Amino acid sequence: MTVNTETLVPYPEAMERYEPVIGLETHVELGTRTKMFCGCTTIFGAEPNSQVCPVCLGLPGSLPVVNRTAIEYAIRIGLALNCSIATWCRFARKNYFYPDMPKNFQISQYDEPLCTDGYLDVAVADKTVRVGIERVHLEEDTGKSLHVGGATGRIHGAEYSLVDYNRAGIPLVEIVTKPIEGTGADAPVVARTYVTELRDLLRSLGVSDVRMEEGSLRCDVNTSLAPRGSGRWGTRTETKNVNSLRSVERAVYFEIERQAAVLDAGGRVIQETRHLHEDTGTTTPGRSKEEAQDYRYFPEPDLVPVAPPAEWVEQIRATLPEVPTARRARLQKEWGLSDLDLAALSNAGALDLVADTVAAGASPADARKWWLGELARRANEAGIELTDLAITPAQVARIAELVASGALNDGLARDVIDGVLDGEGTPDEVVAARGLAVVSDEGELTAAVDEAIAANPDVAAKIRAGKVAAAGVLVGAVMKATRGQADPARVRELILERLR
Ligand SMILES: [Zn+2]
């Protein structure tokens with residue numbers, strides 16, 4: 001039967017009847033200086049087709065050579081994910097035609113991945129979910145097509161297409177989870193948290209810049225639903241190339257609501273790839289997997305097998321940094337945070353930012369206050385991640401320092417943040433250009449206080465009678481008179497001194 005895919009079951013209701021199973025396939029562009037099988041450089045945003053050679057263009061007679069650093073990075077990732085490292089494995093050819101893949105095959109790994117059977121522990125609310133890692137393998141990225149002349153940027157309606165092969169041959173690592181079961185209603189959050197943890201781990205390993213918005217980390221999100229207690233798995237859909245943490249969560253959430261409606265109506269979920277629309281948070285069908293093409297994999301004849309010596313693997317293991325979970329536990333202790341405080345920092349994606357801000361000289365309390373308060377609010381309003389705000393931890397530390405020294409109050413500090421985010425320069429430059437500084441001239445302040453008292457005799461009388469709380473009205477008047485450029489705590493002191 002045909003089921004309208006637009007029909008949705010509200011999430012809580014879907015959760016009453018169905019149990020989700022999710023899985024994530026994450027592609028990570030490695031930050032090697034050169035490509036996977038040739039010496040071309042890998043600078044993001046370079047002039048199209050300026051980083052290409054006969055090997056990555058697939059010209060006849062050219063031969064690939066494996067990039068040792070890419071193998072090392074993949075092993076680092078595998079070890080950090082608690083995987084077994086293969087003592088011997090081969091690359092394979094994955095044959096298909098696509099204009100942005102000049103060789104008409106992709107060198108990948110098929111049944112002999114470099115790393116297998118690991119896990120990543122993910123903290124969700126008050127529990128830890130152990131996400132099994134099926135495999136970590138190496139492959140090469142494709143080029144990029146640009147469709148010109150259409151309204152949507154898609155090939156349909158375009159007048160012509162351009163191809164940029166700069167990305168073709170950049171080393172990619174694919175990290176595939178085992179099916180994640182038993183998460184219940186937390187499935188969307190587990191998916192998001194897994195990707196967040198994985199991103200943090202990869203960043204700490206120094207193997208990739210993991211910038212989702214530049215596509216150096218992208219996820220395919222698998223979701224299936226089965227009736228509760230049925231003991232079986234449903235048919236999964238694969239939402240392709242999800243490129244923000246928020247979208248990972250939304251993709252699972254939407255697929256659960258959509259698939260529940262299909263199942264409720266007696267339909268069957270079709271195994272297919274789907275595309276997420278960032279604007280609406282909905283998915284629409286792409287290619288059906290039921291007519292999936294046969295990639296005719298076979299071992300890559302132009303490359304020797306990869307057989308990393310055990311000593312080399314152990315050397316790499318010895319250089320692994322403190323894993324983010326251990327680091328979090330250490331910082332929690334150093335900063336004196338409760339579990340809840342720490343969870344708030346992690347969930348906001350603010351831990352590294354706060355750590356860097358503390359390293360730049362701010363107190364942990366100040367760093368948390370700015371990142372979780374004002375800056376989180378700005379990121380939320382703009383619909384972006386905290387890390388994508390145009391302000392650095394060092395700049396936040398400088399603002400905190402200016403507040404601590406009394407040169408700025410919190411209100412003025414917010415103006416400085418405005419200026420920095422608007423590209424007006426460093427905090428000091430914004431302070432100078434906008435003339436933002438706390439009025440520290442006691443004479444000027446006292447005059448403003450006296451004026452406020454004179455203008456509000458009834459309030460002044462209340463304070464004299466002991467109703468100290470009424471001072472807020474006068475503080476407000478003085479702040480207004482000084483256009484926010486006074487230290488409210490000092491103003492309050494002066495008012496109470498005058499009316500004692
Ligand atoms: Zn090349």
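Modeller: The conversation below covers a metal site, a strand, a glycine and a pocket. This is a predicted model, in which local features need pLDDT of at least 70, side-chain atom pairs count only at pLDDT 80 or more, and totals for chains, interfaces and linings use all residues. Residues are numbered from 1 along each chain as its sequence is written, and side-chain values use heavy atoms, with hydrogens and water left out.

Biologist: Which atoms are the protein donors of the zinc ion?

Modeller: They are the SG atoms of C38, C40, C53 and C56, lying 2.3 to 2.4 Å from the ion. Donors here are N, O and S atoms within 2.8 Å of the metal (3.2 Å for Na, K and Ca).

Biologist: And what are the angles among the 4 donor atoms?

Modeller: They are 100 to 116°, and the site is tetrahedral; for four donors, that term requires all angles to lie between 85 and 135 degrees. The ideal angle for four tetrahedral donors is 109.5 degrees.

Biologist: Are C38 and C53 buried or exposed?

Modeller: Both C38 and C53 are buried, where buried means under 20% relative accessible area, exposed over 50% and partly exposed in between (1.4 Å probe, protein chains only).

Biologist: Turning to β10, why is it described as largely enclosed?

Modeller: Strand β10 (residues 217-227) is largely enclosed by the rest of the structure because 10 of its 11 residues are buried. Strands are DSSP runs of E, at least two residues long, and helices are runs of H or I of at least four, numbered from the N terminus.

Biologist: How many bridges does β10 form with β1?

Modeller: The two pair in the antiparallel sense over 11 bridges, and T26 has C219 in β10 as its bridge partner. β10 is also joined to β11 (residues 237-242), antiparallel, by 4 bridges. Strands pair if DSSP finds at least two bridges between them.

Biologist: Where is G286?

Modeller: G286 belongs to strand β13 (residues 282-288) and is partly exposed, with a relative accessible area of 35%. G286 and P309 are 23 residues apart in sequence and 42 Å apart in space, C-alpha to C-alpha.

Biologist: Finally, which helix gives the largest share of the lining of the second largest pocket?

Modeller: That is α3, with 8 residues.

Key. Tetrahedral: all angles 85-135°; square planar, octahedral: opposite > 155°, others 65-115°.
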